[in-house]
Amino acid sequence: MIQKLTFDAIELLKKLIETESFSSQEDNTAAHIEDWFKSNNIEYKRTKNNVWAFNKYYNETKPTLLLNSHHDTVKPNSAYTKNPFKAIVEEGKLFGLGSNDAGGCLVSLIATFTYFYNHKNLKYNLVVVASAEEESSGPNGLNSMLSVIPKVDVAIVGEPTLMNLAVAEKGLVVFDAVVEGTPSHAAHPNDNNAIYNSINVLQWFKDFKFEKGSKALGDVKLTVTQISAGSQHNVVPADVKLVIDVRVNDAYTNQEVANILQKKSPCTSITPRSLRLNSSSIPIDHELIKTGIAMGRSTYGSPTLSDQAVLTCPSLKLGPGDSTRSHSADEFIYICEIEEGIKIYIELLNRVIA
C-alpha cells in the first residue's frame with residue numbers, strides 16, 4: 001500500500017506543478033486535491049481553496065492531530081532556465097515551481113493521511129488541511145480554517161526540513177518606520193536633513209541587540225530591508241521611510257518586541273504592520289519529538305516562517321525537501337526525498353497514534 005501511495009503522491013505532485021497556483025489563485029490545484037480524495041473514497045470538504053478531511057473513525061473524545069501543508073506558490077523568478085510549470089524528472093530530481101516548497105511535503109502528508117484514514121482505534125484523530133495563501137499570509141489560508149475544522153491539540157506542518165524536526169520557528173513582525181527632518185531647497189543650508197538623520201538611525205538598527213536569546217531559535221534578528229526618500233534632485237525631503245524585518249524568537253512575544261522598539265528606537269515613529277505571526281514551538285519532551293529522536297531524526301530551530309505562525313497549539317515542522325531550495329530558480333525535490341518522507345511520516349505516526 002505504501003508503494004502505491006508513494007507512486008500516486010508523486011503523480012499528484014506533477015499535476016500540482018503543472019497547474020498555476022499563486023496565492024489566492026489556487027482553484028485548480030484544489031480541484032486536483034479533491035480528485036485525490038474522491039479516488040481514495042475519502043469524505044472531504046472544501047472551504048474556499050482549502051481542502052480538508054478527518055479520519056473515518058473520528059472520535060470527539062480523543063485529541064486531534066493536524067497534518068497541514070500548502071498548495072499555493074510564489075511567482076517564478078527570472079533566473080529559471082526550465083519551464084517552472086513543467087514537471088521534469090532528471091537524474092532523480094523532480095523540477096518545477098512548488099516542488100520543494102511545499103508540494104513534496106503536501107503530497108507526502110496527504111498520502112500519510114490516506115494510509116491511516118480507515119484505521120480504527122487510533123489514539124489521535126487525524127485532520128488534514130491542504131491550505132491556501134500560505135506564501136502571502138493571506139486571510140483565506142490555514143488561519144481561516146481554525147474555526148472550521150475540529151479543535152486541534154497538536155500539529156505537523158509540512159515544510160522542507162530534510163525530515164528533521166524543527167521544534168521551534170521564529171515569528172515575524174514587519175515595521176514601517178519614519179525618520180523626519182526639515183524639507184528645503186537643496187541650495188540652502190539645512191542642518192536637519194532627514195537623509196543624513198537616517199544614517200545614525202540605520203547604525204542604531206545595525207547595532208541593536210535584544211537581550212534574551214533562545215536555546216532553540218537563537219537571537220531575535222532585526223534587518224532593515226527597504227529605504228525610500230526624496231522626489232527630485234533639488235529638494236531635501238521631509239522624511240525617510242524604512243522597513244524593518246524582525247524575526248522573533250520564543251523568548252519574546254511580538255507585542256513585547258514592538259513595545260521595545262517603539263520605546264528605544266531613534267525613529268520619529270515605528271509601527272508594526274501585524275502582530276499575529278508569532279513564534280511557535282513544541283515541547284522537546286512531546287511524544288512526537290521523543291519518537292522522532294528515537295528514529296534518528298535531529299532537532300533544530302527554524303528561522304523561516306510557515307503556517308505554524310497562526311497555530312496556538314504545539315506544532316512540529318517536518319517535511320521532505322531542503323528549505324534552501326525554496327523560492328530558488330529551477331526549484332526541485334529529489335524523488336527519493338518524497339519516498340523517504342512518506343515512510344518516515346507513516347513510521348512516526350504508527351509509533352505515536354496507532
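Helices here are DSSP runs of at least four residues, numbered from the N terminus, and in this predicted model helix 1 spans residues 2-17. Within helix 1, Lys4 and Asp8 stand four residues apart and are therefore separated by about one helical turn. The two residues form a salt bridge in which the closest N and O atoms are 2.6 Å apart. Lys4 has a relative accessibility of 56% and so counts as exposed, whereas Asp8, at 21%, counts as partly exposed.

Both Lys4 and Asp8 also belong to the lining of the second largest pocket, together with Leu5, Glu11, Leu12, Lys15, His32, Asp35, Trp36, Ser39 and Asn40. This pocket has a volume of about 200 Å³, and at least two of its lining residues come from each of helix 1 and helix 2, the latter covering residues 27-39. Helix 1 provides the largest share of that lining, with six residues. Sorted by class, the lining of the second largest pocket consists of five charged, three polar and three nonpolar residues.

The largest pocket, for its part, has a volume of about 640 Å³. It is lined by 33 residues, of which Glu134, Glu135, Arg247, Leu305 and Ser306 are the closest to its centre. Two or more lining residues are given by each of helix 4 (142-145), strand 9 (171-180) and strand 16 (299-302), and strand 9 gives the most, with three. The lining of the largest pocket divides into twelve polar, eleven nonpolar and ten charged residues.

Arg247, one of the residues closest to the centre of the largest pocket, leads on to a further ion pair, for it forms a salt bridge with Asp245 in which the closest N and O atoms are 2.9 Å apart. With a relative accessibility of 16%, Asp245 counts as buried, while Arg247, at 23%, counts as partly exposed.

A further salt bridge joins Glu337 and Arg325, whose closest N and O atoms are 3.0 Å apart. Glu337 lies in helix 8 (residues 335-352) and Arg325 in the loop between strand 17 (315-317) and strand 18 (332-334), so this pair ties together parts that are twelve residues apart in sequence. Since buried means under 20% relative accessible area, Glu337 is buried at 9%, and Arg325 is likewise buried at 11%. Counted over the model, the salt bridges come to twelve, among them the pair Lys4 and Asp8, the pair Asp245 and Arg247, and the pair Glu337 and Arg325.

Note on methods. Residues are numbered from 1 along each chain as its sequence is written. This is a predicted model: local features need pLDDT of at least 70, side-chain atom pairs count only at pLDDT 80 or more; totals for chains, interfaces and linings use all residues. Side-chain values use heavy atoms; hydrogens and water are left out. On a 1 Å grid over the protein atoms alone, a cavity is a set of points where a 1.4 Å probe fits but cannot get out, and a pocket is an open set with protein on both sides within 12 Å along at least five of seven lines; lining residues have an atom within 4 Å of a point. Grid points are joined across faces, edges and corners, and a volume is the space filled by probe spheres set on the points. Ala, Val, Leu, Ile, Met, Phe, Trp, Tyr, Cys and Pro count as nonpolar, Asp, Glu, Lys and Arg as charged, and the others, Gly among them, as polar. A salt bridge is a side-chain nitrogen of Lys or Arg within 4 Å of a carboxyl oxygen of Asp or Glu. Buried means under 20% relative accessible area, exposed over 50%, partly exposed in between (1.4 Å probe, protein chains only).
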